[in-house]
Amino acid sequence: MDAKIVHLKDQCISCGACAAISSEYWEMDQEGMAHLKNSVKVGKQWELMVKTLEGKVANKEAAEVCPVNIILIEEEKNIN
């Protein structure tokens with residue numbers, strides 16, 4: 001299964017926990033806000049599809065350390 005990582009960036013408090021725990025996927029932008037690398041903006045949120053177990057685990061860890069719970073992981077069924 002793929003997973004969609006959703007970041008509610010407009011609610012970010014700039015703590016940097018996600019970037020510290022998962023720098024492969026997360027970074028702090030020029031404004032000091034967390035940013036999900038390679039994501040696309042969809043409405044007010046940023047989204048990224050990950051296809052690897054490592055990507056799901058790394059982002060699950062980032063979601064768990066986020067003090068405001070604005071990183072969401074949605075499982076997607078493969079349609080192949």
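These questions and answers look at a predicted model and at why its parts get the labels they do.

Q: Where does Ala-19 lie, and what is it in contact with beyond its neighbours within four places in sequence?
A: Ala-19 lies in helix 1, residues 17-21. Leaving those neighbours aside, Ala-19 is in contact with Trp-26, Glu-27 and Met-28. Contact here means heavy atoms within 4.5 Å.

Q: How far apart are Ala-19 and Lys-37, in sequence and in space?
A: They are 18 residues apart in sequence. From C-alpha to C-alpha, the distance is 10 Å.

Q: How many disulfides does the structure hold?
A: The structure holds 0 disulfides. A disulfide needs two cysteine sulfur atoms within 2.5 Å.

Q: What rules out a bond for Cys-66?
A: Distance again. The closest cysteine sulfur to that of Cys-66 is in Cys-15, at 6.0 Å, so it is too far for a bond.

Q: Are Cys-18 and Cys-66 buried or exposed?
A: Set each value against the limit for buried, under 20%. Cys-18 has 7% relative accessibility, so Cys-18 counts as buried. Cys-66 has 10%, so Cys-66 counts as buried too.

Q: What is the order of the strands in the open sheet, and how do they pair?
A: The sheet has 4 strands in the order 4-5-1-6, and the pairing is antiparallel. The twist averages 35° from one strand to the next.

Q: What makes strand 4 and strand 6 the edge strands?
A: Each pairs on one side only. Strand 4 covers residues 40-42, and strand 6 covers 71-76.

Q: How do you know which strands pair with strand 1?
A: Two strands pair if there are at least two bridges between them. Strand 1 has 5 bridges to strand 5 and 6 bridges to strand 6. Both counts meet the rule, so strand 1 pairs with each of them. Among the partners, Lys-4 is bridged to Met-49 in strand 5, and Val-6 to Leu-72 in strand 6.

Q: Why is strand 1 called mostly covered?
A: Count its buried residues: 6 of 6. Both faces are covered. Asp-2, Lys-4 and Val-6 are buried on one side, and Ala-3, Ile-5 and His-7 on the other.

Q: What packs on the sheet?
A: Helix 2, residues 53-65, packs there and touches strand 1, strand 5 and strand 6. The direction of helix 2 makes about 150° with that of strand 6.

Q: How does the reach of helix 2 compare with what is expected?
A: Helix 2 has 13 residues and reaches 19 Å from first C-alpha to last. The expected value is 18 Å at 1.5 Å a residue, and the reach is close to that.

Q: How do you know where the buried residues of helix 2 lie around its axis?
A: The buried residues are Gly-55, Lys-56, Ala-58, Asn-59, Ala-62 and Ala-63. Seen down the axis, they fall within an arc of 165°, so they line one face of helix 2. On the other side, Leu-53, Glu-54 and Glu-64 are exposed.

Note on methods:
Residues are numbered from 1 along each chain as its sequence is written. This is a predicted model: local features need pLDDT of at least 70, side-chain atom pairs count only at pLDDT 80 or more; totals for chains, interfaces and linings use all residues. Side-chain values use heavy atoms; hydrogens and water are left out. Helices (H or I, at least four residues) and strands (E, at least two) are DSSP runs, numbered from the N terminus. Axes are lines fitted to C-alpha atoms, for helices over the stretch in contact, and angles run from 0 to 180 degrees between N-to-C directions. Buried means under 20% relative accessible area, exposed over 50%, partly exposed in between (1.4 Å probe, protein chains only). The expected span of a helix is 1.5 Å times one less than its number of residues. The arc is that of the directions from the helix axis to the C-beta atoms.
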